[in-house]
Amino acid sequence: MAEEETAAEVERVQSGDEEALRRERRRERKRKRLLKEAEKAEKRGVCYLSRVPPHMNPLRLRQILSQYGEIGRVYLTPEDASNQMRRKKAGGFRGQEFSEGWVEFIDKKVAKRVASSLNGEQIGGKKRSSIYYDLWNIKYLSKFKWDDLKEETEIKNATREQKLVLELSAAKKERDFYLSKVDQSKAISMIGERLKKKQKIEMLPKVVRHFPQKRPAGNEAGESKGLLSRDILAGVFGGSS
């Protein structure tokens, strides 16, 4: 019995060691992969576009710049929604446009060469193209990596969200102030109308109606009744008339 328990314990230890060994091997493979990616990232270069021509999109930009060298990743910042709304209302381009962008070249030497040779030059291409006469606004970012862009984008998004919250709060305060002024104006108008009605009533002339008065019939009846009673008393008691 003791021998069986010892064998089971040894087996558990061995299985635990194997599991730990497998975890260690996975960590080692992951570390090597990250090192390779870091080495590749060190060899890559990023170019910044301060202005993206109208009707330009990531796919079209990749197609144009790929003729100068191998491209890794491309990111273009969408324009502000309010600008897009104003352009659509004015009857302009209804598609998505971009304000700025970043292009990652696999070789930083190629990125430097592309930025120095294209900056300020005409984009060209087909003459009927909408971007034929546009100029490149491109700059090589020294010691800048794609991970830095992610951090910058996150910061910009957080800043944009915070700004949006502040704008919404200001708009809500302005709306509440406007509604309070409207209610106050309505109340003042109602008070003014009541005062006008009261003044009109006070200014109206008082009407005094005069009715013809008749002599009361009761007095004549009373006088004749008094005379009759005196005559009767005189006849009864023999008084002189």
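Here are some notes on the fold, the charged pairs and the aromatic pairs of this predicted model.

1. **Overall layout.** Let's start with the chain as a whole. Its secondary structure amounts to six helices and four strands. Read from the N terminus, the order of these elements is α-β-α-β-α-β-α-β-α-α. The protein chain has 241 residues, and 19% of them count as buried.

2. **Positive patch.** A patch of positive charge on the surface is worth a look in your viewer: Arg25, Arg26, Arg29, Lys30 and Arg33 gather there. Among these, Lys30 has its place in helix 1, which spans residues 2-43.

3. How many salt bridges does a search of the whole structure find? The search returns six. One of the bridges joins Glu24 to Arg27, with 2.7 Å between the closest N and O atoms. Glu24 and Arg27 are about one helical turn from each other because they sit three residues apart in helix 1. Glu24 is partly exposed, at 39% relative accessible area, and Arg27 is partly exposed too, at 48%.

4. **A bridge between strands 2 and 3.** Arg73 and Glu104 meet through their side chains in a salt bridge, at 2.9 Å from N to O. This pair links distant parts of the chain, as Arg73 belongs to strand 2 (residues 71-78) and Glu104 to strand 3, 31 residues apart. Is each partner buried or exposed, or something in between? Arg73 counts as partly exposed with a relative accessibility of 34%, whereas Glu104 counts as buried with 3%. The pair also belongs to a network of salt bridges that links Arg44, Arg73 and Glu104.

5. Another salt bridge is formed by Arg87 and Glu97, whose closest N and O atoms are 3.9 Å apart. With salt bridges counted within 4 Å, this distance of 3.9 Å still qualifies. Distant parts of the chain are linked here as well: Arg87 lies in helix 3 (residues 81-89), while Glu97 lies in the loop between helix 3 and strand 3, 10 residues apart. Both Arg87 and Glu97 are buried.

6. Turning to the rings, three aromatic pairs turn up in a search of the whole structure. One of them is the tilted pair of Tyr48 and Trp102, with 5.2 Å from centre to centre and 50° between the planes. Tyr48 is in strand 1 (residues 45-49) and Trp102 in strand 3 (residues 98-105), so this pair links distant parts of the chain, 54 residues apart. Trp102 is buried, with a relative accessible area of 4%. Ring pairs also bring Tyr75 in, linking Tyr48, Tyr75 and Trp102 into a cluster.

7. **An edge-to-face pair.** What is the arrangement of the rings of Tyr132 and Tyr133? Their planes stand at 85°, so the pair is edge-to-face, and the ring centres are 4.8 Å apart. Please check the accessibility of the two partners: Tyr132 is buried, at 16% relative accessible area, whereas Tyr133 is exposed, at 64%.

Terms used
Residues numbered from 1 in each chain as written. Predicted model: local features only at pLDDT ≥ 70, side-chain atom pairs only at ≥ 80, totals over all residues. Heavy atoms only, no water. Patch = residues over 30% accessible without salt bridge, like charges linked within 9 Å, V, L, I, M, F, W, Y side chains within 5 Å. Areas by Shrake-Rupley, 256 points an atom, 1.4 Å probe, with all protein chains shown as cover. Lys, Arg positive; Asp, Glu negative; His and termini not counted. Charge placed at Lys NZ, Arg CZ, Asp CG, Glu CD. Helix = DSSP H or I, 4+ residues; strand = E, 2+ residues; numbered from the N terminus. Phe/Tyr/Trp six-rings, centres within 6.5 Å; stacked < 30°, edge-to-face > 60°. Buried < 20%, exposed > 50% of the residue type's maximum accessible area, 1.4 Å probe, protein only.
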